[in-house]
Amino acid sequence: MTTYTSEHIQFSGPRVTRRRFIQTASASGTAIGALSFREQMAVQAEELRKQGRSMILLWMSGGPSQLETFDPKPNHKNSGDTKAISTSVPGIQIAHDWPNMAQVMNDVAVIRSMTNKEGNHQRATYQMHTGYVPTGSVKHPSFGSLIAQQLANQEADLPSVVSIGRTVGAGFLGVNYEPFVVDRPGEMPQNISIPDGQRRLERRLNLLQNLEGSFGSQGAEQAVQGHQQLYSKAAKFVFSNDTQCFDLADEPQQLRDQYGDSAFGRGCLLARRLIERGVTFVEVQKNGWDTHDTVFERVSELASEVDVASAALITDLKNRGLLDRTLVVWAGEFGRTPQVNARGGRDHFPRAFNCWLAGGGVRGGQTIGSTTEDGSAVKDRPVTVPDLLQSISHSLKIDSAHENMSPQGRPLKVVDGGEVVQELFS
Amino acid sequence: MRNRMNTFFVCAVTSAAIFFPAFQLDIAFAADASPDVSQTASEIDRLLNQQFDKDGITPTRPVGDEDFLRRARLDLLGTLSPPSETTKFVLSPAENKRTELIDKLLAEPAFGELWASYWSDVIFMRATEQRSQIGRPIFQQWMTTQLNNNRPWSEITHELLTATGNVRESGQTALFFAHASVPEEIASEVPRIFLGIQLNCANCHDHPTDPWKREQFHELAAYFTRTTFRIDNSGTERTFNIGSLNAAAARLGNRPEPRTLLFRLDRNRDGAISKDEARGQIANRFDDLLKTFDKNKDSKLNTEELTAALAQAVMQPGRGTAEHYMPDLKNPSSKGTLIEPAFFVEGAEGPSLPHGMDDLARRQAVSQFVTSKSNPWFAKAFVNRIWSELLGQGFTMPIDDMGETKGTIHPEVLDLLAGQFAETNYDIKWLFRTIMNTQAYQRQLAPASSNLSEHPFAAAKPTRLRGDQVYLSLQSAVGNFGTPGRFLRRENQAALLPAVAFRQKAAFTGTFGFDPSTPQDELAGSIPQALYLMNSTSLNARIQAEGRTNLGILLRNNRDNKAALDELYLTTLTRYPSADEQKINLSYIKATGDRNEAFEDILWALLNSTEFLSKR
């Protein structure tokens with residue numbers, strides 16, 4: 001019920017245009033046809049509830065060390081140089097490189113008992129993104145695309161899935177849900193600015209449309225139709241004022257400073273701007289977590305960007321009233337060995353690692369599960385990848401049992417197995 | 001040439017038949033007489049026409065010369081013909097000019113290059129080992145040679161299945177590299193690529209629709225269980241090796257006890273293995289192992305350090321195992337059931353293996369099964385794939401899921417063509433030649449008003465060009481347009497180092513490429529593709545009317561707008577504009593008021609058109 005109310009408020013907020021309201025209303029109208037008024041209300045409530053839900057994935061590529069992030073072991077020799085610090089939540093300590101995250105811990109739920117089997121970067125990244133291990137025969141859709149399939153407004157100007165950095169694609173869900181990749185946050189994406197101005201492009205598009213007729217009438221009607229749809233979508237995108245959101249210059253300097261002068265900071269700020277404009281799923285990547293050597297120095301450096309930006313993102317979303325409908329997830333493909341190796345690094349360790357969630361109805365200020373004293377195993381409340389994805393589905397109110405047909409005709413659930421981690425929401 | 005030789009033989013046979021009993025001739029000529037291209041092509045058309053008659057439909061007429069030229073060039077070379085060549089071809093009075101064109105194009109080196117990149121996509125677009133993308137250049141180089149030398153498909157397959165060596169040096173290692181030699185992945189891809197069968201469904205349970213059992217999938221995987229995939233950091237560039245689990249490691253079940261290993265290798269009995277003492281896999285990776293595991297920094301590995309090293313090795317895929325075990329799904333941590341290699345296709349002939357055979361014996365055996373003429377799937381899968389690529393639709397869809405129970409369109413044509421392809425000993429160019437000489441290949445698109453598109457092969461289907469075909473067509477049309485931001489100043493493609501040219505194309509096909517095993521109906525363009533053609537500065541620089549661009553030269557050589565339009569259409573679409581198109585364009589030029597600007601817009605529209613991106 002709380003969700004409903006907050007959505008309702010959001011709905012009348014400045015960012016939701018009248019056009020979108022009409023679309024929502026008419027979309028529900030056509031879909032519900034002959035239903036009674038009460039049923040109609042129920043369906044509309046459902047629509048409204050879903051409307052605007054979105055997710056930001058902060059992806060720590062390479063596998064972040066749990067001991068140097070949110071599961072420090074200050075009293076064990078495995079901790080090496082890492083100290084623990086207190087947070088705004090009494091009783092929760094995190095590693096010393098994360099002072100800003102410590103301040104927003106009230107809004108964050110840390111899962112310390114993630115457990116998995118894949119210790120290979122590609123396989124684990126694929127699995128964490130799709131819920132399935134890679135096979136040559138099926139390209140599974142990434143979770144962002146699956147979310148967009150259920151939540152995205154297909155009429156929006158901006159693509160429904162955006163990734164800042166290359167990521168796992170939409171697989172067999174196809175181009176409508178393919179992530180739009182931004183390589184350099186803060187700059188306009190490639191080929192989005194029009195070389196000779198909007199008027200000229202409009203003229204060219206007009207000419208193109210006039211010339212397409214002949215091929216269309218010669219037996220390529222469907223191909224021409226598909227092509228025109230794509231071009232009108234692309235044109236809508238480049239002509240849209242929303243593309244301005246890729247340029248961060250109109251954000252106050254003070255806010256930009258809060259996110260930090262780094263690619264990841266700009267990525268997080270861009271993510272917020274995209275979510276605000278109705279994008280369903282944004283992934284922001286930070287590379288470099290594969291710390292086989294000098295793990296302490298390297299994590300300090302990584303955290304100096306990620307700590308600042310992640311905390312700023314949570315605060316900013318909260319200040320704008322967006323946090324309730326935006327789920328933020330911080331994760332990497334696996335954790336790292338609790339024992340420090342000869343090169344002062346830690347190696348791949350999928351058996352016990354951590355991640356955190358904030359917003360999207362998640363109750364902050366808690367830790368879920370724990371690892372043993374030395375960090376070598378999950379002590380209680382193991383959480384698997386499907387469990388995590390079920391929880392994300394729950395937060396976003398998407399149907400995780402929905403089945404998509406693979407090209408081989410095999411039905412594949414949005415999430416196969418797993419259970420919602422209820423503690424996150426209670 | 002071969003074609004004519006065959007015709008000659010046929011004549012000789014006919015005249016000789018007067019003097020000799022027929023059966024003797026069969027024996028005398030069966031060995032090297034490939035089925036005749038034109039005879040097979042007509043037989044295919046006869047079979048198809050029979051069905052069309054039954055259905056009461058009339059297939060579309062043959063395409064005009066311009067369309068045929070464009071189709072054949074895109075299919076065999078990926079490029080567009082220059083206007084002069086188009087005109088020459090259209091005006092040529094030669095009766096068999098289409099057959100001759102096919103032969104001429106098949107002899108060009110670009111044929112091997114185009115189809116090598118096709119096969120590169122087939123293999124690498126499904127890669128489960130992402131680092132394998134570095135294997136593409138060498139694979140394409142190797143595959144280009146095989147195709148241009150017209151090596152039989154069976155021999156190419158054999159090489160791909162039995163490859164070992166450095167992945168940067170041996171293109172044949174592509175398939176194993178793409179899947180880090182993981183037996184279950186290889187056992188999924190081998191039937192898919194070479195037999196058109198999706199056996200991977202049987203990885204975890206019996207195949208839901210086809211007759212294959214779970215054991216049969218694992219019996220196939222057992223052929224690949226001893227193939228290894230190892231990182232090799234010894235040179236300046238990191239690389240990987242596809243190899244075989246050595247016999248000693250295999251005897252130990254590939255889980256050597258640290259103590260046993262130490263006892264075996266530690267010759268000076270100081271309780272640790274030094275670099276001199278190391279043998280086998282440990283020797284290959286000794287420096288790496290030291291870096292990670294030599295805790296006491298004595299440049300040797302003691303029992304404790306060796307234990308840690310071996311424990312980590314077990315975590316890595318691609319290490320190979322002596323024997324294949326089918327996992328017990330109810331008890332995943334147990335060892336599972338020992339499975340001996342066996343081939344799943346009933347009636348296929350090949351060697352049976354005694355227990356414990358080494359890697360190459362296993363892979364050679366499976367290669368014999370796969371490529372055996374007693375295994376009809378091998379020829380069918382290849383024929384279906386090439387037919388589908390050329391005609392836009394296969395006999396089964398998707399092409400790599402032909403299964404026993406899947407519906408096949410015109411099975412009699414597939415059987416005929418596959419049978420004869422096998423008879424030629426899997427002669428790849430013969431197959432291209434034969435298919436492209438059929439009426440079926442040379443038909444027009446279905447007119448919008450007809451329902452011919454519902455009858456497979458009664459009309460041509462407009463198909464989406466693959467990424468490299470788009471790239472090469474753009475180059476044909478506007479010259480070397482480079483890639484965004486990089487290599488922009490390089491004007492001359494030929495002067496580019498092959499590696500740079502490769503990267504330039506790879507960057508483009510990264511946006512425009514797709515998995516070529518995907519049915520055409522499931523393909524659609526993407527936003528980044530549209531944005532690239534619409535707005536990219538590098539392409540835009542090549543459509544300027546000022547300066548030394550193709551368009552600039554064209555406009556200066558053709559002062560008359562109609563002539564310039566003709567030339568522009570020939571360059572981009574390999575045809576003249578229709579009367580309608582001429583009208584639209586001329587009035588556009590008039591309305592724009594600036595000739596250069598108007599022609600830039602027209603060229604832009606042509607490059608962004610559905611037709612430019614399609615085979616018509």
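I164(A) stands opposite V182(A), which belongs to strand 6 of chain A. Since this is a predicted model, local features are reported only at a pLDDT of at least 70 and side-chain atom pairs only at pLDDT 80 or more, whereas totals for chains, interfaces and linings use all residues. Residues are numbered from 1 along each chain as its sequence is written, while chains are lettered from A and ligands numbered from 1 in the order in which they are written. Helices (H or I, at least four residues) and strands (E, at least two) are DSSP runs, numbered from the N terminus.

Strand 5 of chain A runs parallel to strand 6 (residues 180-182) of chain A, and three bridges join them. Two strands are said to pair if DSSP finds at least two bridges between them. Strand 5 of chain A also pairs with strand 7 (residues 281-286) of chain A, again in the parallel sense, over four bridges. In strand 7 of chain A, V284(A) is the residue opposite I164(A). Strands of a sheet pair through backbone hydrogen bonds, either parallel or antiparallel.

What lies on the two faces of strand 5 (residues 161-164) of chain A? V161(A) and S163(A) on one side are buried, and so are V162(A) and I164(A) on the other, which leaves both faces covered. A residue is buried if 20 or more other C-beta atoms lie within 10 Å of its own, exposed if 12 or fewer, and partly exposed in between, with C-beta atoms placed from the backbone.

Chain A as a whole has twelve helices and 16 strands. Of its 426 residues, 50% count as buried. The average pLDDT of chain A is 87, and 88% of the residues score at least 70; pLDDT is the predictor's confidence in each residue, from 0 to 100. Over residues 1-34 of chain A, however, the pLDDT is below 50. Where pLDDT is low, the predicted coordinates should not be read in detail.

The largest nonpolar core has 136 residues, and those with the most contacts inside it are V329(A) and W356(A). A nonpolar core is a set of buried Ala, Val, Leu, Ile, Met, Phe, Trp, Tyr and Cys residues joined through C-beta atoms within 7 Å. Helix 11 (residues 295-319) of chain A contributes the largest share of this core, 13 residues. Leaving aside residues up to four places away in sequence, V329(A) touches M55(A), L57(A), L58(A), C355(A), L357(A) and I392(A). Two residues are in contact if their C-beta atoms, placed from the backbone, lie within 7 Å.

K397(A) lies between helix 12 (385-396) and strand 15 (403-405) of chain A, and has a positive phi of about 60 degrees although it is not a glycine. Most residues other than glycine have a negative phi, and most peptide bonds are trans. K397(A) counts as partly exposed because it has 15 C-beta neighbours inside 10 Å.

Chain B comes to 29 helices and nine strands, and 48% of its 616 residues count as buried. In helix 21 (residues 428-436) of chain B, nine of the nine residues are buried; among them are F432(B) and M436(B). A second, separate core of 105 residues includes F432(B) and M436(B), together with W153(B) and Y223(B).

Chain B also contains an open sheet of three strands in the order 1-3-2, with antiparallel pairing. Its edge strands, strand 1 (165-166) and strand 2 (227-232) of chain B, each pair on one side only. Six bridges link strand 2 of chain B to strand 3 (residues 239-244) of chain B, and I231(B) stands opposite F240(B) in strand 3 of chain B.

Two loops of chain B complete the local picture. The peptide bond from M397(B) to P398(B) is cis, with omega near -5 degrees, and P398(B) lies in the loop between helix 19 (376-391) and helix 20 (411-423) of chain B. S299(B), which is not a glycine, has a positive phi of about 60 degrees. S299(B) counts as exposed because it has 12 C-beta neighbours inside 10 Å.

Finally, where the chains meet, the contact takes 48 residues from chain A and 55 residues from chain B. Helix 24 of chain B gives the most to the side of chain B that touches chain A, with six residues.
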